[in-house]
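Colleague: Could you take a close look at the side-chain contacts in this model? I would like one connected account with the cut-offs stated.

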Amino acid sequence: MMEYLHTMIRVLDLDAALDFWCNKLGLKELRRSESEQGRYTLVFVAPSEDDKPIELTYNWDETEPYPTGRFFGHVAFAVDNIYETCA
């Protein structure tokens, strides 16, 4: 069985990204986590708790704009056995 989990994109300005996704598009912040060691913040946003989220990844030390395509991070799925799925 395969389950879609979320899509991740990198953001250079977390406040501006949250303004766009939440204030302008109406999504809600579902959860947030920060990693001092990894120096990043993850914020998951979606229309509601029942919807699959978008993961906004803010890397604290990133200062240069992401080139086209670099801001896309990944699409996450859960599977029972990754080796069987890939075979």
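**Side-chain contacts**

Modeller: Start with Asp61 and Arg39, whose side chains meet in a salt bridge at 2.7 Å, N to O. Asp61 lies in the loop between strand E4 (54-59) and E5, and Arg39 in the loop between E2 and E3, so the pair ties together parts that are 22 residues apart in sequence. A salt bridge here is a side-chain nitrogen of Lys or Arg within 4 Å of a carboxyl oxygen of Asp or Glu. Helices (H or I, at least four residues) and strands (E, at least two) are DSSP runs, numbered from the N terminus. Arg39 is partly exposed, at 34% relative accessibility. For that scale, buried means under 20% relative accessible area, exposed over 50%, and partly exposed in between (1.4 Å probe, protein chains only).

The model is predicted: local features need pLDDT of at least 70, side-chain atom pairs count only at pLDDT 80 or more, and totals for chains, interfaces and linings use all residues. Residues are numbered from 1 along each chain as its sequence is written, and side-chain values use heavy atoms, with hydrogens and water left out.

The structure holds four salt bridges. In one of them, Asp19 pairs with Lys24, with the closest N and O atoms 2.4 Å apart. Asp19 is partly exposed at 28%, whereas Lys24 is exposed at 57%. Arg32 and Glu29 form another, at 2.9 Å from N to O. Arg32 counts as partly exposed at 41% relative accessibility. Glu29 counts as partly exposed too, at 37%.

Now the rings. There are two aromatic pairs in the structure. Tyr4 and Phe77 have ring centres 5.6 Å apart and planes at 70°, so this pair is edge-to-face. It links distant parts of the chain: Tyr4 is in strand E1 (residues 2-11) and Phe77 in strand E5 (residues 72-79), 73 residues apart. Phe20 and Trp21 form an aromatic pair that is also edge-to-face, 5.2 Å centre to centre with 80° between the planes. Rings of Phe, Tyr and Trp (its six-membered ring) pair if their centres lie within 6.5 Å; planes under 30 degrees apart count as stacked, over 60 as edge-to-face, and the rest as tilted. Phe20 is partly exposed at 40%, whereas Trp21 is buried at 18%.

The charged end of Arg31 sits over the ring of Phe44, 4.1 Å from its centre. The test asks for NZ of Lys or CZ of Arg within 6 Å of the ring centre and within 35 degrees of the ring normal.

Trp21 also belongs to the largest nonpolar core, which has 11 residues in all, including Ile9, Leu18 and Val43. E1, helix H1 (14-24) and strand E3 (40-46) each supply at least two residues of this core. H1 gives the largest share, five residues. Such a core is a set of buried Ala, Val, Leu, Ile, Met, Phe, Trp, Tyr and Cys residues joined through side-chain atoms within 4.5 Å.

From the N terminus on, they run β-α-β-β-β-β-α. Of the 87 residues, 31% are buried.
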